[in-house]
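Have the model open while you read.

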Amino acid sequence: ILKKCKLGGVYSYHYEHAALKISSLESYFKASMMLLDSEVRDDLINVEDRPIYTKLRNTAPTLYKPGSAVKNSYIADGCEIEGVVENSIIFRGVRIGKGCVVKNSVVLQGTYLGENVTFNCVVADKDVVVKDGRTLSGHTTLPFFISKGTVV
């Protein structure tokens, strides 16, 4: 940046709201978990002069089946939840099977979790399939990552 300043054409902008730097998988996980904090989320997202636009999909709302429980999480539309979800972000079209426990995790679009799956500090990329009875766990400082399209 210093070299560019000497050449000119570098400008600054005073910014007083939250900014989340994402430069690795670990920082992506940390930033995602920070969005669950209402103060961070409101400072980053709910700013009047910076509206956020997204692709609209005409999908059904999320279906919460008997026995499901959700606490401090974001659940996108088109999901089917039969298990427990806590402190997690669940993207569009995810299925969380009966008896599952998903905590402190980010589950991306189209992922399928079979019955009795346990996730803790996991980031599952798009279209992951986790078969019945699997337990996957990372740590807040070193989350467990599952690549796109993987079957576990």
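Of the 152 residues in the protein, 29% are buried, where buried means under 20% relative accessible area, exposed over 50% and partly exposed in between, with a 1.4 Å probe and protein chains only. Keep in mind that this is a predicted model, in which local features need pLDDT of at least 70, side-chain atom pairs count only at pLDDT 80 or more, and totals for chains, interfaces and linings use all residues. Residues are numbered from 1 along each chain as its sequence is written, and side-chain values use heavy atoms, with hydrogens and water left out.

The C-alpha atoms fill a box of roughly 60 × 30 × 25 Å along the principal axes. The protein has three helices and 15 strands; these are DSSP runs numbered from the N terminus (helices H or I, at least four residues; strands E, at least two).

Five of the strands make an open sheet with parallel pairing, in the order S2-S5-S8-S11-S14. Two strands count as paired if DSSP finds at least two bridges between them. At the edges sit S2 (69-71) and S14 (135-137), each pairing on one side only. Neighbouring strands here are turned by 5° against each other on average, direction ignored, going by lines fitted to C-alpha atoms, with angles from 0 to 180 degrees between N-to-C directions. Inside the sheet, S5 (residues 84-86) and S8 (residues 101-103) run parallel and are joined by three bridges, with Glu-86 opposite Lys-103 in S8.

Now for the cores. A nonpolar core is a set of buried Ala, Val, Leu, Ile, Met, Phe, Trp, Tyr and Cys residues joined through side-chain atoms within 4.5 Å.

| Core | Residues in it | Members include |
|---|---|---|
| Largest | 19 | Ile-90, Ile-96, Val-102, Leu-113, Phe-119 |
| Second, separate | eight | Phe-29, Met-33, Leu-36, Cys-121 |

Which residues of helix H2 (residues 25-34) are buried? They are Ser-27, Phe-29, Ala-31, Ser-32 and Met-33. These pack against S6 (89-90), S9 (106-107) and S12 (122-124).

Definitions and conventions:
Contact means heavy atoms within 4.5 Å.
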